[in-house]
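Me: I am new to this structure and would be grateful for a close look at a single part of it. Please give one connected account.

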Amino acid sequence: MSTRHDGTAGLHELPARTTVLDLVRAGLPAALEAGTAALAGPAVPVGSVRLLPPLAAPTVRDFVAFEEHVEGMVAPSGEPVAPEWYQAPTFYFTNPYALIGAFDDVAVPPGSRRFDFELEVAVVVGSVDGVAGASLTPAAAREHVFGYTVLNDWSARDLQFREMAVKLGPAKGKDSATTLGPWLVTADELEPYRDDEGFLALDMRVSVNGVEVGQDLLSNMGWPFEELIAYASRGTEVRAGDVLGSGTCGNGGCLAELWGRRGEQTPPPLRPGDVVEMTVEGIGTIRNRVVEGLELPPVRPARPRPRTRKRTA
């Protein structure tokens, strides 16, 4: 547990063998009790440890909830945002094994030449005594909100766009790394930022090598988080520890949006040595350096097949 989100204070150890995921599954009231108890112990300087992702998430869903981001992504086609975007939230499942910490290096995915970031906030689902996480109403889903963290959905745009041309994915374009951190801030701490429509008006900023390239408010989402959770639970269930990303914010929340609006790759794709820093008001800052990735053999293309229906003798 952390006593401050700005890195000026220290970390306090939880009871032996207790994880953050354990606390999320215990529910917010029990977690707050455990946090208060942990504060009685000695503090460890933040700078003396490597920050891992705040929790080992069993699943990670990522939505596309910012209209302005979608506008930028479709700008090269000259088409408006698809009407289906407005009808209901859309998400995909990403790789929970690829979560990295707030200040870890991130490798360029094999074969990618258009590497990108995505500035997002993620909500973490918690448990509620006596209430299953199946087909929740938005009101019930709000009770299941444990807390929030910053999410960077690293994206290999060249791989992603090839996959999505097949009307499936994204897959390898998105599963190499996802940053979560630096903290999991409990829902009660961010209530002062909630506006009259239920959105969290948090300032979001991203810079590359110290130059700011994007800024937005989290309240520009098309749906508040409780509606995203409710949608994810329709006809199925969400469980404690599940992570749901907001999707990329607008106004430079990723490079691809800027490329779409400008008609050129300015700023250029990320390269080894670039440092991407994201700050979300009330949550904190993550900072990752891009490093060289693996050089693997090219993927073999599909072989033409004769479509024989019977085995020859």
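Does Gly 130 count as buried or exposed, and what is its relative accessibility? Please continue from there to the charged side chains.

Reply: The model is predicted. Gly 130 counts as exposed, because its relative accessibility is 89%. This residue is found in the loop between strand 8 and helix 5 (138-143). From Gly 130 to Leu 52 the C-alpha distance is 31 Å, and the two are 78 residues apart in sequence.

The charged side chains come next. In general, side chains of opposite charge can pair when their charged atoms come close. A search of the whole structure finds 17 salt bridges. One of them joins the side chains of Arg 61 and Asp 242, at 3.5 Å from N to O. Arg 61 lies in strand 3 (residues 60-63) and Asp 242 in the loop between helix 8 (225-233) and strand 14 (243-245), so this pair ties together parts that are 181 residues apart in sequence. Arg 61 is buried, with a relative accessible area of 5%, and Asp 242 is buried with a relative accessible area of 5%.

Asp 116 forms a salt bridge with Arg 157, and their closest N and O atoms are 2.9 Å apart. This pair links distant parts of the chain, with Asp 116 in strand 7 (residues 115-116) and Arg 157 in helix 6, 41 residues apart. Asp 116 is buried at a relative accessible area of 0%, and Arg 157 counts as buried because its relative accessibility is 0%. Salt bridges that share partners join Asp 116, Glu 118, Asp 153, Arg 157 and Lys 174 into one network.

Some buried charged residues have no such partner. Glu 163, in helix 6 (residues 157-164), is buried yet has no salt bridge; the nearest side chain of opposite charge, Arg 162, is 4.2 Å away. The side chain of Glu 163 instead reaches the backbone nitrogen of Lys 172 at 2.7 Å. Lys 172 has a salt bridge through its own side chain, which meets that of Asp 175 at 3.1 Å, N to O. Asp 175 counts as partly exposed, at 22% relative accessibility.

Glu 120 has its place in strand 8 (residues 119-125). Glu 120 is also buried without a salt bridge, and Lys 174, the nearest side chain of opposite charge, is 5.8 Å away. The side chain of Glu 120 reaches the backbone nitrogen of Gly 247 at 2.9 Å.

Note on methods. Residues numbered from 1 in each chain as written. Predicted model: local features only at pLDDT ≥ 70, side-chain atom pairs only at ≥ 80, totals over all residues. Heavy atoms only, no water. Helix = DSSP H or I, 4+ residues; strand = E, 2+ residues; numbered from the N terminus. Buried < 20%, exposed > 50% of the residue type's maximum accessible area, 1.4 Å probe, protein only. Lys, Arg positive; Asp, Glu negative; His and termini not counted. Salt bridge = Lys/Arg side-chain N within 4 Å of Asp/Glu carboxyl O. Polar contact = N/O pair within 3.5 Å; in protein donor to acceptor, adjacent residues only side chain to side chain.
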